[in-house]
Amino acid sequence: MSESVVRARDASTVMLVRDGASGIEVFLQQRVTGMAFAAGVTVFPGGGVDPADGTADIAWTGPEPAWWAQRFGTDEQSAQALVAAAVRETFEECGVLLAGPTADTVVCDSTVYREARGRLERREISLAGFLAAEGLVLRADLLRPWSNWITPEAEPRRYDTRFFVAVLPVGQIADGATSEAAHVRWQTPRDALESWRAGEHVLMPPTWSQLDALCEFADTTAVLAADRAITPIMPRYAPGADGRPLSDFPDNERYFDQLPDVDALRGR
């Protein structure tokens with residue numbers, strides 16, 4: 001790797017889905033304009049892995065880190081941290097907690113942990129410490145691996161992001177009570193893409209790609225049953241004015257054909 005290329009930081013992103021009257025709905029948040037990365041862009045909940053996410057004694061049920069490591073092409077400690085970050089970020093950013101008091105139950109009302117949610121977001125406690133204090137078990141079995149996108153080398157802030165998918169637990173409510181989101185909403189993937197094509201919001205290629213893929217599924221059961229082949233995808237800047245547009249990602253020509261304004265990418 002060139003000395004001028006910033007090393008990509010591990011990150012986790014969770015596509016939270018539910019069954020709606022018109023099919024699958026996905027939870028989306030529009031990031032506040034003051035964010036250092038992807039300001040004003042519509043995304044799924046997620047963020048960078050913290051060192052504490054790899055704590056070895058975290059309460060856990062579901063596929064072991066070795067299974068996640070194989071699916072995401074990484075080592076076991078990193079895989080554990082990625083799964084833990086997925087659970088932590090989902091709780092911090094939308095209040096949905098993929099954990100339960102036992103290995104086969106899940107929290108019905110996550111609002112009772114509102115104070116702990118704030119402490120997690122402020123990094124005053126770790127996910128492992130929170131789960132231990134509340135007697136909760138991380139439900140890795142509620143997550144599925146989905147894809148892996150890496151920020152282009154030309155960017156000053158880079159992430160090696162593993163995408164997960166999870167179904168909204170019964171009784172829990174996804175909210176917008178986070179400092180990182182200006183607006184949140186549930187939309188069908190198709191509606192989210194149509195509103196993007198209408199210029200109503202901005203989608204980066206990774207988010208667009210996942211929404212496009214979700215359009216293929218009739219319900220959340222089918223989504224969870226999908227066996228995804230995960231190959232790292234790192235777009236690059238094609239030759240041209242200002243190093244754009246991006247290329248080398250699945251269906252990039254279709255993405256740019258539908259993009260309402262190429263300059264929207266400059267706000268990443």
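The following legends describe close-up views of a predicted model. Residues are numbered from 1 along each chain as its sequence is written, and side-chain values use heavy atoms, with hydrogens and water left out.

**View 1. Strand S9 and its paired strands S1 and S8**. Helices (H or I, at least four residues) and strands (E, at least two) are DSSP runs numbered from the N terminus, and two strands pair if DSSP finds at least two bridges between them. Strand S1 (residues 9-20) runs parallel to S9 and is joined to S9 by nine bridges; Ala-11 stands opposite Thr-161 of S9. Strand S8 (residues 143-150) runs antiparallel to S9, with seven bridges, and Ile-150 stands opposite Asp-160. Eight of the nine residues of S9 are buried, so the strand is largely enclosed by the rest of the structure. Here, buried means under 20% relative accessible area, exposed over 50%, and partly exposed in between (1.4 Å probe, protein chains only).

View 2. Asn-148 counts as buried, at 2% relative accessibility. The side chains of Asn-148 and Asp-160 make a polar contact of 2.8 Å. A polar contact is a pair of N or O atoms within 3.5 Å; within protein, one must be able to donate a hydrogen and the other to accept it, and residues adjacent in sequence count only if both atoms are side-chain atoms. Leaving aside neighbours within four places in sequence, Asn-148 is in contact (heavy atoms within 4.5 Å) with Asp-160, Thr-161, Arg-162, Ile-230, Thr-231, Pro-232 and Ile-233.

**View 3. Asp-175 in the loop between strands S9 (159-167) and S10 (181-187)**. Asp-175 is partly exposed, with a relative accessible area of 24%. The side chain of Asp-175 is joined to that of Arg-117 by a polar contact of 2.8 Å. Not counting residues up to four places away in sequence, Asp-175 also touches residues including Phe-27, Glu-93, Cys-94, Gly-95 and Val-184. Gln-29 lies 146 residues from Asp-175 along the chain, and their C-alpha atoms are separated by 9.5 Å.

**View 4. The open three-stranded sheet S5-S7-S6**. The pairing in this sheet is mixed. Strand S5 (60-61) and strand S6 (99-100) stand at the edges, each with a single partner strand, so one side of each has no neighbour in the sheet. S6 and strand S7 (residues 137-139) run antiparallel and are joined by two bridges, with Ala-99 opposite Leu-138.

**View 5. The buried side of helix H5 (residues 189-197)**. Pro-189, Ala-192, Leu-193, Ser-195 and Trp-196 are buried. These residues cover an arc of only 165 degrees around the axis, which puts them on the same side of H5; the arc is that of the directions from the helix axis to the C-beta atoms. Gly-199, which follows H5, has a positive phi near 80 degrees.

Note on methods
This is a predicted model: local features need pLDDT of at least 70, side-chain atom pairs count only at pLDDT 80 or more; totals for chains, interfaces and linings use all residues.
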